Amino acid sequence: MNKEPILELSHLSIQFTGKQVLDSINLKVNAGEIIGYIGPNGAGKSTTVKIILGLLSSYKGEVKVFGEIISDKSIDYKRKIGYVPENGELYDDLTAKEYIDFVGQMYGLTMETIDKKLPVLFDEFDLYGVRNKRIGSFSKGMKQKLLIVASLIHNPDLIFFDEPLNGLDANSVMVIKDMMKKLRDAGKTIFYSSHIMDVVEKISDRIILLNQGNIVADGSFEELKAKNEEGSLEDIFNQLTGFDSHGESAENIVSVIQGVEADV
Ligand SMILES: Nc1ncnc2c1ncn2[C@@H]1O[C@H](COP(=O)(O)OP(=O)(O)OP(=O)(O)O)[C@@H](O)[C@H]1O
């Protein structure tokens with residue numbers, strides 16, 4: 001069995017206009033895990049994913065995916081990667097079927113393969129009835145489900161989900177959570193970024209917390225809980241990111257709103 005990590009970051013750093021966003025991050029990820037990749041807004045989660053996907057090149061350090069340094073290689077490694085971006089762009093003028101046909105073919109799938117997979121996936125995601133409608137007419141949740149189908153149609157081994165539950169109804173959320181576990185059980189690796197702490201807590205085999213450019217926690221939820229003597233992942237997150245003033249912040253917001261209202 002190949003024990004080489006599926007993903008390895010060594011001393012990964014990046015700056016934007018003088019701001020150190022990632023500060024020498026080291027990380028090894030093995031196949032068959034769900035990694036909850038969390039951190040405050042602006043911590044650098046999406047930036048990390050964009051570097052791994054080859055969308056940003058101004059970084060320092062080394063990124064290995066499937067055992068190969070990405071800067072040395074062709075873009076072939078991307079054929080085995082799936083990605084749902086936080087704010088995914090779709091082509092409004094295409095129909096849902098045209099979009100998946102297009103994405104599938106970009107990944108090198110034959111139309112025969114696409115035609116076998118697409119009806120089942122669309123059916124499960126409640127998109128079959130609208131497969132020939134233009135994406136521009138879709139609701140937020142329908143677009144999100146289409147992005148998820150597009151990210152998985154080529155059977156990727158490494159999957160990046162950035163807030164995949166955005167806009168999904170409670171039924172779809174259950175499907176996606178179960179689907180992530182089944183993909184993990186089938187040996188896939190999922191890098192899951194989200195601010196919904198109770199889902200991250202329940203679904204992740206390993207949780208990585210990024211704060212101010214550094215990894216400040218790395219382990220299973222049970223390990224983080226034992227180490228930090230806190231109850232929930234939300235509590236651990238607040239403690240490790242040094243945030244203990246939510247009550248005060250809420251009070252300030254409400255009093256300013258009321259004050260301004262009163263002056264009008
Ligand atoms: N192209 C860019 N040019 C300049 N600054 C950038 C660029 N991309 C990201 N940044 C900055 O890098 C930091 C990290 O951004 P990133 O989007 O990676 O955060 P995040 O952890 O994904 O946040 P969120 O939880 O809000 O999605 C932010 O300060 C952001 O302003």
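I began with a pair of helices: α2 passes α4 in a right-handed crossing. A crossing is right-handed if the near helix is turned clockwise from the far one by less than a right angle, and left-handed if anticlockwise. The contact is formed by Ala96, Tyr99, Ile100 and Val103 of α2 with Leu146, Val149 and Ala150 of α4; residues are in contact if their C-beta atoms, placed from the backbone, lie within 7 Å. I sorted this contact by class and found seven nonpolar, no polar and no charged residues. Ala, Val, Leu, Ile, Met, Phe, Trp, Tyr, Cys and Pro count as nonpolar, Asp, Glu, Lys and Arg as charged, and the others, Gly among them, as polar.

I noted the basis of the model. It is predicted: local features need pLDDT of at least 70 and side-chain atom pairs count only at pLDDT 80 or more, while totals for chains, interfaces and linings use all residues. Residues are numbered from 1 along each chain as its sequence is written.

I then looked up the geometry of the pair. Helix α2 (residues 96-106) and helix α4 (residues 140-152) have axes 9 Å apart, at an angle of about 25 degrees. α2 and α4 are therefore roughly parallel (angles under 35 degrees; over 145 is roughly antiparallel, 65 to 115 roughly perpendicular and the rest oblique). Axes are lines fitted to C-alpha atoms, for helices over the stretch in contact, and angles run from 0 to 180 degrees between N-to-C directions.

Next I took helix α7 (residues 221-228) and helix α8 (residues 233-240), whose axes come within 10 Å and cross at roughly 55 degrees. α7 passes α8 in a left-handed crossing. Phe221, Leu224, Lys225 and Asn228 of α7 meet Leu233, Ile236, Gln239 and Leu240 of α8. That contact has five nonpolar, two polar and one charged residue.

Last, I checked the ligand. Its shell includes Phe16, Thr17, Asn41, Lys45 and Glu86, a residue being near if its C-beta atom, placed from the backbone, lies within 6 Å. Helix α1 (residues 45-52) gives the most to this shell, with three residues. Helices are DSSP runs (H or I, at least four residues) and strands likewise (E, at least two), numbered from the N terminus. I counted three nonpolar, seven polar and two charged residues in the shell.

Notes: Two residues are in contact if their C-beta atoms, placed from the backbone, lie within 7 Å.
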